[in-house]
Amino acid sequence: MTNKFKLVTLAATAVLTLSIAGQSFAANTSFSDIANVIAKDKITSLQNKGLVKGVSADRFFPDATLTAAQGIQLIVNALELNIDTLRFIKEPHATDYFPKANDDAWYADALIIAANNDIGLPTDLDPSKTWTKEEFTHQLILAIEKHSNLPMIKIIPMEFNDQAELSVSYDGSVQRALVLKIAELDAEGNFNPTDEITRADAAVLIFNALAYIDAHPAPSAE
């Protein structure tokens, strides 16, 4: 009976290293495949901070698309989310929160952390689904608004060429990301909301989000 109701804590040492790719490679090797990428400096900065890692020791694969699992893991890592202070009456599993998940997959711990930090993920989440630009932007904005004490401000919505392509449920989050300059339009004035987001684009959004948070610290509790 004691074992059945034993409190379980996920120790920090048991949590998988959180990276954009779901794999762990040292950050002391510069990526060899981002030399011609516009976001090279931002990716390198995130790498030096240990916030993104490559899919091999020296390759980032900037043009590869991002799955939901990879995106969640990136957000969890960037915002330093954890469950260190939580205790559970039984060991938590990713499928407790997201039935389509795999409890033995590399992303399982990230999903558990995300769920217990309530960053607005849907319960029917498919970790293997490739995220679009609007989906990743939406989840990132929800997460930073929840955990970075961003001020609630009224914004004047921006107009852009492909605004009609935005999903209604993501419109507010994308608008906030654009107004706060976390997201940007392309040279033609498009957001490309339904395009599959690349690893490089996701890294840029993370970099910009963290820069905004640093520039707008939450008011002191005092």
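Contacts between residues 24 or more positions apart make up 76% of the contacts in the chain with a separation of 6 or more. The model behind this figure is a predicted one. Along the sequence the pattern reads α-α-α-α-α-α-α, which comes to seven helices and zero strands. As for how much is tucked away, 45% of the 222 residues of the chain count as buried.

Ahead of the helices there is a spot worth a look, at D33. This residue belongs to the segment before α1, the helix that spans 40-48. Once neighbours within four places in sequence are set aside, the contacts of D33 are with D58, R59, F60, F61 and P62.

Helix α2 comes next, covering residues 68-78, and here the tally is simple: eleven of its eleven residues are buried. Spelled out, these are A68, A69, Q70, G71, I72, Q73, L74, I75, V76, N77 and A78. What do the buried residues of α2 pack against? The partners are α4 (108-116), α5 (133-147) and α7 (199-215). Just after α2 comes E80, with a positive phi of about 55°.

The buried set runs through A108, D109, A110, L111, I112, I113 and A114. After α4 the chain reaches D118, and the phi of D118 is positive, near 50°.

Two packed helices are described by the angle between their axes and the distance between the axes. For α5 and α7, the axes come within 11 Å and cross at roughly 25°. Angles under 35 degrees count as roughly parallel, so α5 is roughly parallel to α7. The crossing of this pair is right-handed. On the α5 side the contact is built from F136, T137, L140 and I144, and on the α7 side from A202, L205, I206, A209 and I213. Sorted by type, the residues of this contact are eight nonpolar, one polar and no charged.

Helix α7 has a further packing partner in α1. Here the axes are 9 Å apart and the angle is about 70°. Are α1 and α7 roughly parallel or roughly perpendicular to each other? An angle of 65 to 115 degrees counts as roughly perpendicular, and α1 and α7 are therefore roughly perpendicular to each other. From α1, the residues that take part are K42, I43, S45 and L46, and they meet A200, A203, V204, I206, F207, N208 and L210 of α7. This contact divides into eight nonpolar residues, two polar and one charged.

Taken together, these pieces put α7 in several places in the picture. This helix is packed on by the buried residues of α2, runs roughly parallel to α5 and lies roughly perpendicular to α1. The residue I206 of α7 turns up in the contact with α5 and again in the contact with α1.

Note on methods:
Residues numbered from 1 in each chain as written. Predicted model: local features only at pLDDT ≥ 70, side-chain atom pairs only at ≥ 80, totals over all residues. Heavy atoms only, no water. Helix = DSSP H or I, 4+ residues; strand = E, 2+ residues; numbered from the N terminus. Contact = heavy atoms within 4.5 Å. Buried < 20%, exposed > 50% of the residue type's maximum accessible area, 1.4 Å probe, protein only. Axes fitted to C-alpha atoms, helices over the stretch in contact; angles between N-to-C directions. Parallel < 35°, antiparallel > 145°, perpendicular 65-115°, else oblique. Left-handed = near helix turned anticlockwise from the far one by under 90°. Nonpolar A, V, L, I, M, F, W, Y, C, P; charged D, E, K, R; others polar.
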